[in-house]
Amino acid sequence: METILSIENLNKRFGPIHAVKNVSLEIQKGNVYGILGPNGSGKSTTLGIVLNVVNKTSGNYSWFGGTMQTHEALKKVGAIIERPNFYPYMTAKENLELVCKIKGIAYTKVHEKLELVGLLDRENSKFSTFSLGMKQRLAIASALLNDPEILILDEPTNGLDPQGIHQIRDIIKMIAAEGTTILLASHLLDEVEKVCTHVLVLRKGEVLYSGRVDGISSNEGFFELQSDDLTQLKSALSKIDAIEKCTEDNGKILAYLKKPLEAKDLNRALFEEKIILNHLVKRKHSLEEQFLELTSKS
Ligand code: ADP
Ligand code: MG
């Protein structure tokens, strides 16, 4: 596996605000990473640090296995971290050709990237006539002109209408399918769920979860249980292999599973221990519930 970016124990303080706390992340080639968290959780700050526009307080990051200086490495990175800004009275094509000229890229790339983002039929329209979604698509085309190793997007669908959101997500998936690594920040769970393979969940600068997206959602769920003697119930549950841990909530026991277990099999096992349940419900957290649970605890 090829490492594109490696972040180790990164910290950022703005005076009293500890915006990024010991964040670590390994970005491997070909995956789509999401940094997910509510507003103010440190997503943009983290992206700003690795793009060398925000100074870190402590910790480290290295691009491409540390084989090159940050400013050299950043030539292989395409990033959109602010609202797209182009010359309003120039056409889409002219704006991208200007970017090519500045960066020393062949003009032939303009056609290719406009086609990729679905703006070829509007290449001769002035930027000022574009909708927000089209502006964002043009920004993506621009960031891709030099065929970067990785594309970094900060809240790529913010402010867009549902159709615009859909188009951007499709484009991101298309770019990923062509093998470009992607890192995007979003406060939208369903966005990360729909486009990312890996996720880093942040709350108040802290990493709450890091791993595969399907890793969050593929747990086996849990049981809500109640009997007259909760101590006896907990003791019996602790002997059941499929149960990872138990917690007590409002007079009920929540038994979390690490392996599949059917309600009737659990009921039978407890009955054999002479436990009569007066409440038995199997639940499975959706990714959304888990995300809310992860991010709501203070
Ligand atoms: P997110 O992108 O997840 O919404 P940010 O990274 O923008 O979060 O911000 C994280 C925290 O750092 C917030 O509390 C924010 O107010 C603070 N912050 C960000 N930039 C600055 C800055 N330039 N000066 C002071 N505080 C900042
Ligand atoms: Mg932000």
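**Note on ligand 1 and the cysteines**

1. An oxygen atom of ligand 1 is 3.1 Å from a polar backbone atom of Gly 42. That is a polar contact, a pair of N or O atoms within 3.5 Å. Gly 40 also takes part: one of its backbone N or O atoms lies 2.7 Å from an oxygen atom of ligand 1. Lys 43 uses its side chain, with a polar atom 2.8 Å from a ligand 1 oxygen. The protein covers 59% of the 560 Å² of accessible area that ligand 1 has on its own (Shrake-Rupley method, 1.4 Å probe).

2. This is a predicted model: local features need pLDDT of at least 70, side-chain atom pairs count only at pLDDT 80 or more, and totals for chains, interfaces and linings use all residues. Residues are numbered from 1 along each chain as its sequence is written, chains are lettered from A and ligands numbered from 1 in the order written, and side-chain values use heavy atoms, without hydrogens and water.

3. Which residues surround ligand 1? They are Phe 14, Ile 17, Ala 19, Pro 38, Asn 39, Gly 40, Ser 41, Gly 42, Lys 43, Ser 44 and Thr 45. Being near means having a heavy atom within 4 Å. The shell divides into 4 nonpolar, 6 polar and 1 charged; Gly counts as polar here.

4. Strand 2 (17-28) and helix 1 (43-50) each supply at least two shell residues. Helix 1 gives the most, with 3. Both are DSSP runs (helices H or I, at least four residues; strands E, at least two).

5. Disulfides, cysteine sulfur pairs within 2.5 Å, come to 0. Cys 100 is buried at 0% relative accessible area. Cys 196 is buried too, at 8%. Buried means under 20% (1.4 Å probe, protein chains only).

Definitions and conventions:
Polar contact = N/O pair within 3.5 Å; in protein donor to acceptor, adjacent residues only side chain to side chain. Buried < 20%, exposed > 50% of the residue type's maximum accessible area, 1.4 Å probe, protein only.
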